[in-house]
Amino acid sequence: MARALDLVGDRWSLLIVRDAMDGVRAFTDFQRSLGVARNILSDRLRRLVAHGILAREIAPSGKRQEYVLTEAGHDLFTAVLALRQWGERHAFAPGEAHSVLLDDTAAVVPELRPTGRGGHNLSDRNTQVRKVERRHRSAG
């Protein structure tokens, strides 16, 4: 988890990834959406590109660069969804307006809950961490 947080754990990086998932691509659009200072945005975009979470592409107009999610960036969807839903449950007063994520049928995305093999709910109360031994590659 520490390595993942080193890559995307600060507020601005996660918000940039969230906005990219919502279709934002241009520097000015990220800045407008987030209200972040240009130097901070430039730094976070540069880091996200360097770590393979975003890629730079030329816009269809050919006049500017755009930032698009890589496969590693798309793989953050579950983490972003979990944080979004946690915030919906714990960061708003009862009845306070907030956004919700809709699926491709315009239904609210169901609450994300990990389940075990037998279908039972998993949590910190019934899981454990085990170190995975380093695997050696065989020659050949």
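In this predicted model, E111 is partly exposed, with a relative accessible area of 42%. E111 pairs with R89 in a salt bridge, the closest N and O atoms being 3.7 Å apart. This pair links distant parts of the chain: R89 lies in helix α6 and E111 in the segment after α6, 22 residues apart. R89 is also partly exposed, at 37% relative accessibility.

The structure holds nine salt bridges. One of them joins the side chains of R84 and D22 at 4.0 Å, N to O. Here, too, distant parts of the chain are linked: R84 sits in helix α6 (residues 77–90), D22 in the loop between α2 and α3, 62 residues away. D22 is partly exposed at 48%. R32 and D29 meet at 2.8 Å, N to O. Both lie in helix α3, three residues apart, about one turn of the helix. R32 is exposed at 61%; D29 is partly exposed at 27%. D10, D43, R44 and R47 form a salt-bridge network.

The largest nonpolar core has 20 residues. Among those touching the most other members are I16, F30, L41 and L54. Helices α2, α3 and α4 and strand β2 each give two or more residues to this core. Contacts of F30 beyond four places in sequence include I16, L41, L45 and Y67. D19, in helix α2, is also in contact with F30. D19 counts as buried because its relative accessible area is 3%, under the 20% limit.

Strands β1 (residues 54–58) and β2 run antiparallel, joined by five bridges. L54 has L69 as its bridge partner in β2. The two strands form a hairpin with six residues between them. In the turn, G62 has a positive phi of about 75°.

Terms used
Residues are numbered from 1 along each chain as its sequence is written. This is a predicted model: local features need pLDDT of at least 70, side-chain atom pairs count only at pLDDT 80 or more; totals for chains, interfaces and linings use all residues. Side-chain values use heavy atoms; hydrogens and water are left out. A nonpolar core is a set of buried Ala, Val, Leu, Ile, Met, Phe, Trp, Tyr and Cys residues joined through side-chain atoms within 4.5 Å. Buried means under 20% relative accessible area, exposed over 50%, partly exposed in between (1.4 Å probe, protein chains only). Helices (H or I, at least four residues) and strands (E, at least two) are DSSP runs, numbered from the N terminus. Contact means heavy atoms within 4.5 Å. Two strands pair if DSSP finds at least two bridges between them.
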